[in-house]
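Hello,

Here is the structure you will be working from. Please open it alongside this email; my notes follow below.

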Amino acid sequence: MFDELINKLKNDTYITLETTPSHSPVFSPIIETIAELGLDKLVDGFTTTDNPLAKLKYNSLFAAKMLQDRFHKPVIATMSMRDRNKIALQSDLLGANEVDVRAILALTGDPATISDQPHTKGVFEADSTLLLDIISCFNSGIDYGGKPFTCKPKEIYPFAVINSYAKNPKTLQKKMQKKIKHGAIGIITQPIYDIQSAKLLLELKEATEHSSSAELIFGIFPITKLRTAQFLSAHVPGINVPNYWIEALRVANEKGVEEEYRVGFELSKKLFEDLKALHPKIHLMTANQFQIAKDILK
């Protein structure tokens, strides 16, 4: 399962779909929606998020296990440094390993101060490279303290993230280099909204030391509402929504909701096709708006 995913990442087209577990003790409704839409047949794998924006959600590792069991496709489970110290990280990895949850997206995590849980404190023993280093140790048969396991864990496949935009591109390159150095085999970008940014990211990655050991994966988040474009542009660091995109949505918004959606979807669909033609390694994020995902992918 994982060998096929990694082979596609390195040598073929590669498409994963993000799922966001909800504020609920059940994940199965999300699985059923994916099944009803046939999305499992349109992607190579899935990801599960880990309490994004520090908001309480269903556990990403359990969600990954359920997705894999249902669709027999690999899932990249997110693990955040915000919520676990190095003991908890390693314990979760050990448990996940036996049930074959073995692709891990290492995140530093959103600040605990924005949580919906009162007086939450972040752990943040280090940034996401600590988790990448822990995974490297596990793949060598030892824990982070250097103690050999009674039996070697099955191989774990580490992924990381990177912003899609920075005023100083060298900043992005340094972050890429750091994550590649710490073992990431796939680096997923924040959502990209123009082809020139995508080309620049590829150039920066290719100029990075040991670049061949990791693949860049373009993140796409379809925008079908003006307010979404404005929010991302103004409030989310590391994302750049071009002015022409915002202006097109503004004009469409004045004509009504249906026109706004149509224009936003067409822009998003064209971006998907252009990025796929440039570099067919795509991670699609739709905030569980799975019909949009299907319409983009089909």
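Start with Ile104. Beyond its neighbours within four places in sequence, Ile104 is in contact with Leu61, Ile76, Ala77, Met79, Leu93, Leu131, Ile135, Ile156, Tyr157, Pro158 and Phe159. Bear in mind that this is a predicted model.

Ile104 also belongs to the largest nonpolar core, which has 71 residues. Along with Leu93, Leu131 and Val241, Ile104 is among those with the most contacts inside that core. Helix 5 (residues 128–139) gives this core its largest share, 6 residues. A second core is separate and has 13 residues, including Leu9, Ile76, Leu105 and Ile217. As a general point, nonpolar side chains in soluble globular proteins tend to be buried together.

Next, helix 2. Which residues are buried in helix 2 (residues 28–37)? They are Ile30, Ile31, Ile34 and Leu37. These four span an arc of only 135° around the axis, so they lie on the same side of helix 2. Their cover includes strand 1 (14–19), strand 2 (45–48), helix 3 (60–71) and helix 11 (290–297).

Last, helix 11, which holds Asp295. Is Asp295 buried or exposed? Asp295 counts as buried, because its relative accessibility is 18% and the cut-off for buried is under 20%. The side chains of Asp295 and Lys298 are joined by a polar contact of 3.5 Å. Leaving aside neighbours within four places in sequence, Asp295 is in contact with Tyr261, Phe265 and Lys269.

Best wishes

Methods:
Residues numbered from 1 in each chain as written. Predicted model: local features only at pLDDT ≥ 70, side-chain atom pairs only at ≥ 80, totals over all residues. Heavy atoms only, no water. Buried < 20%, exposed > 50% of the residue type's maximum accessible area, 1.4 Å probe, protein only. Helix = DSSP H or I, 4+ residues; strand = E, 2+ residues; numbered from the N terminus. Arc of directions from axis to C-beta. Contact = heavy atoms within 4.5 Å. Core = buried A, V, L, I, M, F, W, Y, C linked by side-chain atoms within 4.5 Å. Polar contact = N/O pair within 3.5 Å; in protein donor to acceptor, adjacent residues only side chain to side chain.
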